[in-house]
Amino acid sequence: MKFDRSARRKLWSHTMTVLAGLCALVALIPLASVIYQAAVLGGPVLSVDFLTANPPSPCSPVVGQPPCAVGGIGSAIQGTLILVGLATAISVPIGLAAAVFAVEYRGRFLGLAISFTADVLTGVPSIIAGVFIYTYFVIYYPVIVFSALTGALALSVIMIPIVTRTCEEALRTVPHSLREAALALGIPKWRTTLQIVVVTALPAVLTGILLSVMRAAGEAAPLLFTAFGSRLGFQGFNNPINALPLLIYNFAESPYKNWISLAWGAALILIILILIASVLSRLVVNRMVRRMRGG
Amino acid sequence: MEGAKMQVEGLSAYYGKTKAISEISVGFPEGKVSAIIGPSGCGKSTLIRCLNRMHETLPRTRVEGRILLDGEDILQLDPVGVRRRVGMVFQKPNPFVTMSIFDNVSVALRFAGRHSRDEIDRAVVRSLQQAALWDEVKDRVDAPAVSLSGGQQQRLCIARALAAEPEVLLMDEPCSALDPVATAKIEVLVDELKSHYTVIIVTHNMQQAARVADYTAFLYLGKLIEVGPTESLFERPKERLTEQYITGRFG
């Protein structure tokens, strides 16, 4: 009997393709079900008021009593924007500068130390970031332990290593020949770094920054002992502030019906916000890349 | 050497502990094309990269000796200033990918910040003309540099180096990534450039050295074996190694 190798190879190839496709489907199930669940339970509470009003007092419907106030998650949306904005303003300069140093001055001890430290910090559980900031402020500045400032600092602890690592990777993709081209033209090293290397890596740098922003926007743990949460809107950087993940954490485990449905609505809004940020930035980055490559 | 624009004296260059070139002394005459030839790994790229102090941009490198530019030792000068006087074109075209054709050529002038918009415009046109690229790109100088073909990109890199008005132009195997047609264009160009610049070109292609260079230096294993007018070096080599190399017995 003649053994047909080519037929066996084809069969093997088809089987594996089907298996890989099935695995891809399985991987999509958790993602799809999370979005489905949030949409089903959070969807009905959405309204303009929901986005602007502050959370109500706790309440569960009782027969014969007036219905519970629905309220909204205005303070949480506002707080997340403030916290993440402030944390980004802190982390991006530090993380980018660290990455530039690690890549452009590699071989020096400090450069290696930066890469290694950023690697280790990326793996640190996010609650540790909260505890770290909490402890520091309890000892040195106890008045503002629970504040927008400490919340943003705790988020920065999460963001800095991510910005550093992703920017490092981005800068490393810039071919060495471009650095040489610039230096050989008599362009000083600092200018070469900022105006040639960083600019060339900008789409990837922005992607990295966005990654860290989305991670920070979804973190509750670092905020538990810092931003603390508040039903009120922004009260100054030295006072507690709300955030979407914090509201979800606090309200979802409460026994009150109106808070629980608020938590589901907040979950849906958080997913939508991150989705919008992701799509928008992808569009911007793609446009930048296209303009560069002249496509 | 009399009338040398650049004079190398007892130059040794190291990568870590490895000595890539050893005790080289050679002059590069003003307004001429000098070629550096030799088999792979003989140190010809290292030598040319010393001439604008690019060698020392790599980690753990070191240079000994003297490199005189108009009688002044460039190893004692600020490397940024040296590189403005000694331009360089690399093996592979390396245009700045984020920039247009115009921005690539004008980058050195723009970053220097001492030039008016008018001066920059004129310098870009002049450099593109000198690099024989103007006619091909004059209608699209704002197009991305990466939209050009490989040969055009290399001429763009030549224009970019020329825009800074260097005194010496170093070319490190500028045709190694190009097809024969593009190579021919660059060779014609090199011949024209020597009326304004001192050109030093590294090539692994002996025919190319014979075609473009007034003087040729032959390097082998990091040492200078022979240097002289191109014709006499190719037709009447004084050293046996040179003869063996140019007749293709090794390399």
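Across the interface of chain A and chain B there is one salt bridge (a side-chain nitrogen of Lys or Arg within 4 Å of a carboxyl oxygen of Asp or Glu). It joins E180(A) to R49(B), with the closest N and O atoms 2.6 Å apart. This is a predicted model, in which local features need pLDDT of at least 70 and side-chain atom pairs count only at pLDDT 80 or more, while totals for chains, interfaces and linings use all residues. Residues are numbered from 1 along each chain as its sequence is written, chains are lettered from A and ligands numbered from 1 in the order in which they are written, and side-chain values use heavy atoms, leaving out hydrogens and water.

**Where the chains meet**

- Four residue pairs, both at pLDDT 80 or more, are in polar contact between chain A and chain B; a polar contact is a pair of N or O atoms within 3.5 Å, where within protein one must be able to donate a hydrogen and the other to accept it, and residues adjacent in sequence count only if both atoms are side-chain atoms.
- On the side of chain A that touches chain B, α7 (176–184), α8 (189–200) and α12 (257–293) of chain A each give two or more residues; helices are DSSP runs of H or I, at least four residues, numbered from the N terminus.
- The most comes from α7(A), with eight residues.
- In contact (heavy atoms within 4.5 Å) are 21 residues of chain A and 25 residues of chain B.
- The two chains bury about 1,900 Å² between them, 69% of it on carbon and sulfur atoms; this is the accessible area (1.4 Å probe) that two parts lose on being put together, summed over both.

**A closer look at N242(A)**

- You can find N242(A) in the loop between α10 (221–224) and α11 (244–252) of chain A.
- N242(A) counts as buried because its relative accessibility is 4%, and buried means under 20% relative accessible area (1.4 Å probe, protein chains only).
- Its side chain makes a polar contact of 3.1 Å with the side chain of S75(A).
- The side chain of N242(A) also reaches the backbone oxygen of S230(A) at 2.7 Å.

**Inside chain B**

Terms used. Buried < 20%, exposed > 50% of the residue type's maximum accessible area, 1.4 Å probe, protein only.
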